[in-house]
Amino acid sequence: MGKLTIGCFASLVGSVSLDFTVKLAEAAVKKGHKVDLWVSGNATMLSKKGQRAFKDYSALQKTINGLLETGNFQMTACEACAEARGYHKEDTMEGCKRFSMDWYLASCFSADRVLHIGGD
């Protein structure tokens, strides 16, 4: 199987791009692929621990936790984007990483396929 790197440049709430990205990652992992997910901008908030699911909001943390448990998925948040939004390393949920964009570029370089999603 191959490695897919996905860069998600989307908002957290109200963004179809982030929901689509997580569903795509989940489908790829289920097919046996390895997936690196990079979140930046407002999408970095997906990696913040202590999220609360609401009835009318997209709640992806449970899905992300399940993907992390497979061993074929890793999620990394843009460190600068997270800090700019006021949450720090200790606020990051277990299993998620925080790095600068050079991590994302390195992941792209070693991937079989790369997708950039979002930008809304």
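Helices (H or I, at least four residues) and strands (E, at least two) are DSSP runs, numbered from the N terminus. The model is predicted, and residues are numbered from 1 along each chain as its sequence is written. Local features need pLDDT of at least 70 and side-chain atom pairs pLDDT 80 or more, while totals for chains, interfaces and linings use all residues; side-chain values use heavy atoms, with hydrogens and water left out.

Helix α2 spans residues 61-70. Its buried residues (buried means under 20% relative accessible area, exposed over 50%, partly exposed in between, with a 1.4 Å probe and protein chains only) are Q61, I64, L67 and L68. These residues lie on the same side of α2 because they cover an arc of only 120° around the axis, the arc being that of the directions from the helix axis to the C-beta atoms. The exposed residues K62 and E69 sit on the face turned away from that buried side. The buried residues of α2 pack against α1 (16-30), β2 and β3 (73-78), where contact means heavy atoms within 4.5 Å. Just after α2, G71 has a positive phi of about 85°.

Side chains of opposite charge can pair when their charged atoms come close. A salt bridge is counted when a side-chain nitrogen of Lys or Arg is within 4 Å of a carboxyl oxygen of Asp or Glu, and the model has 2 salt bridges. In one of them, K3 pairs with D36, with 3.1 Å between the closest N and O atoms. This pair links distant parts of the chain, joining K3 in strand β1 (residues 3-9) to D36 in strand β2 (residues 34-39), 33 residues apart. K3 is buried at 18% relative accessible area, and D36 is buried at 6%.

E83 and R98 also form a salt bridge, at 2.5 Å from N to O. Here too distant parts of the chain are linked: E83 belongs to helix α3 (residues 79-84) and R98 to strand β4 (residues 97-99), 15 residues apart. E83 is partly exposed, at 35% relative accessible area, whereas R98 is buried at 10%.

What is the count of disulfides? With a disulfide taken as a pair of cysteine sulfur atoms within 2.5 Å, the count is 0. The sulfur of C78 has its closest cysteine sulfur in C81, 3.1 Å away, and so is too far for a bond. C78 is buried, with a relative accessible area of 9%. For C96 the closest cysteine sulfur is that of C8, at 13 Å, which is also too far for a bond. C96 is likewise buried, at 13% relative accessible area.
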